[in-house]
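Please read the entries alongside the structure shown here.

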Amino acid sequence: MIKKTVKSRSSNVHHQSSSLWSKCKNLQSLKQIHAFMIINGFNSNHIALRELIYSSAIAFSASIHYAHKVFAQITQPDLFMWNTMLRGSAQSLRPSLAVSLYTQMEKRCILPDSYTFPFVLKACTKLSWVVSGLVLHGKIVKFGFESNKFARNTLIYFHANVGDIRIAGELFDDSAKRDVVAWSALTAGYARRGELDVARGIFDDMPAKDLVSWNVMITGYVKQGKMENARQLFDVVPKRDVVTWNAMISGYVLCGENDKALKMYEEMRGAREYPDEVTMLHLLSACTDSAFLDVGEKIHRSIIEMGAGELSIFLGNALVDMYARCGSIRKALEVFQGMREKDVSSWNIIMLGLAFHGHSEQCISLFQDMRRMKYIPNEITFVGVLVASSHAGKVDEGRGYFRMMRTEYNIEPNIRHYGCMVDMLARAGLLNEAFEFINAMEIEPNAIIWRTLLGACKVHSNVELGRYANEQLLKLGREDSGDYVLLSNIYASRDEWDGVERVRKLMDDNGVWKEPGCTLVEADDYALRNFCFDSKA
């Protein structure tokens, strides 16, 4: 345990400790300083502990998990340390940590101050936890902090964004109107609710605009896909920070304009603005969506430089996903194996990647490792192992995994799991069993499932089931030329030319045209792949 003491150290000790923090540039150097503190006895100095907590929780966004590990070893943290941890957790990618920490604080009977509740309330706003936020509003009133400017502005921000907009308006009184932060909070609320005209009106009426208010309006336009409006404000904002750049980069990614997102990143670096973890997550998403493997590798190198080799779970998962989707499963495995911390999503991403790249045995082996290491599989995990079973022709094992979902993990199969089972049975040539499985499904089969069966009927020349699958697709209103062509080819493979003619006449009658040059079986497999891959979370 790290013991906090109120006993003062000599001024030389304090200056020696403080000088170290100016050299702290990343998580690795932070850990080195922490080790230096332990060796030299600074871990019992409350000033040094405060600096350590501040640097790990706030200065480096990717080190919040390390901050929590350090904080847990301090036997008597003071209120500054509690508030610093709440602040860092609230602004991290896992704001729920702030709420959990505040719960611990209450259990230990630590009295809050005017800074405590705003940090937790910000976390509730990010999480859209309205009930928890209302409870905190009550506590703010109970402790007499409602008139505190910091608490009031956070309440306005909470109610304007996810709470009651009328309460936000009531809190926006004459004293609040003299505070630019209150203006920004109200603007953010209307922008988040999609009322951009109202938000822009408030923004234009502001007596003074700070960077937060500019970022709020830019982000509001970005979230509605109005990138031209966002760019206009971006070009005239007096000063930019990493949030400003991140808003624009994320907007271009969300609109599918990945080239512009990457160009914006180059502008950002040219302006000597340092990216953060959020920047890198957006850039990796752009590389993943556009299959920019070479650019993704450059982003990976930049991430390594930023974290001195350390990867957060979020960045690690994003890198594994990028490499897997861009076709470099070897690199995806390297990143996965190098991650010191993993969550269930980490396992899901690499297993899906392995399954779709044909490494079925390795995927199933990882599933066994996952269970042995006490990670609890979820519905996405079973999509991966079922796809692997299908591609490896392991029908009996696939049936076993499908049963395991319910019996061991109480997971009800969804449409993706049923689709994987149909694909597995169809690939193995068990068309009648696949047909019976579809009829026994507890949910309505969709077009992907019927098309999977239809494609298998073409491979195995099963006219009867192929005709039935095509009829079901027509009932679903799916006028896809590929479905007609597959059925026509089934007839042709059996030399049933009358059937071929009937299908082509049906296409003419329904106004369905086949575009030349379509590789129908490959397109079918690609649709199934996207259908399963999009389930990852």
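Setting aside residues up to four places away in sequence, His137 touches Glu146, Leu155, His159 and Ile167. The model is a predicted one, and His137 is found in its helix 8, residues 130–142. With a relative accessibility of 12%, His137 counts as buried.

**A buried asparagine**
- Asn246 has its place in helix 15, residues 242–254, and is buried, with a relative accessible area of 7%.
- When neighbours within four places in sequence are left aside, Asn246 is in contact with Met268, Asp276, Val278, Thr279 and His282.

- The 12 residues of helix 5 (residues 79–90) should span 16 Å at 1.5 Å a residue, and the end C-alpha atoms are 16 Å apart, which agrees.
- Helix 5 is mostly covered, with 9 of its 12 residues buried; among them are Trp82, Met85 and Leu86.
- The cover over these buried residues includes helix 3 (46–59), helix 4 (64–72), helix 6 (96–107) and helix 7 (116–127).
- At the N-terminal end, helix 5 is capped by Asp78, which has a side-chain oxygen 3.3 Å from the backbone nitrogen of Phe80.

**Cysteines**
- A search of the whole structure finds 0 disulfides.
- For Cys326, the closest cysteine sulfur is that of Cys287, and at 7.0 Å it is too far for a bond, because a disulfide requires sulfur atoms within 2.5 Å.
- Cys326 is buried at a relative accessible area of 16%, whereas Cys109 counts as exposed at 66% relative accessibility.

**Aromatic pairs and charges over rings**
- The structure holds 20 aromatic pairs; in one of these, the rings of Tyr115 and Phe150 have centres 5.5 Å apart and planes at 50 degrees, so the pair is tilted.
- Tyr115 lies in the loop between helix 6 and helix 7 and Phe150 in helix 9 (residues 149–161), so this pair ties together parts that are 35 residues apart in sequence.
- Tyr115 is partly exposed, with a relative accessible area of 47%, and Phe150 is partly exposed as well, with a value of 26%.
- Trp347 and Tyr375 form a tilted aromatic pair, at 5.4 Å centre to centre and with 50 degrees between the planes, which links helix 21 (residues 344–356) to the loop between helix 22 (360–372) and helix 23 (379–392).
- Within that pair, Trp347 counts as buried at 2% relative accessibility, while Tyr375 is partly exposed at 24%.
- Ring pairs also link Tyr102, Phe117, Phe143 and Phe145 into a cluster.
- Arg240 lies over the face of Phe234, at 4.0 Å from the ring centre, and Lys342 lies over the face of Phe336, at 4.9 Å from the ring centre.

Definitions and conventions. Residues numbered from 1 in each chain as written. Predicted model: local features only at pLDDT ≥ 70, side-chain atom pairs only at ≥ 80, totals over all residues. Heavy atoms only, no water. Buried < 20%, exposed > 50% of the residue type's maximum accessible area, 1.4 Å probe, protein only. Helix = DSSP H or I, 4+ residues; strand = E, 2+ residues; numbered from the N terminus. Expected span 1.5 Å × (residues − 1). Contact = heavy atoms within 4.5 Å. Polar contact = N/O pair within 3.5 Å; in protein donor to acceptor, adjacent residues only side chain to side chain. Phe/Tyr/Trp six-rings, centres within 6.5 Å; stacked < 30°, edge-to-face > 60°. Lys NZ or Arg CZ within 6 Å of the ring centre and 35° of its normal.
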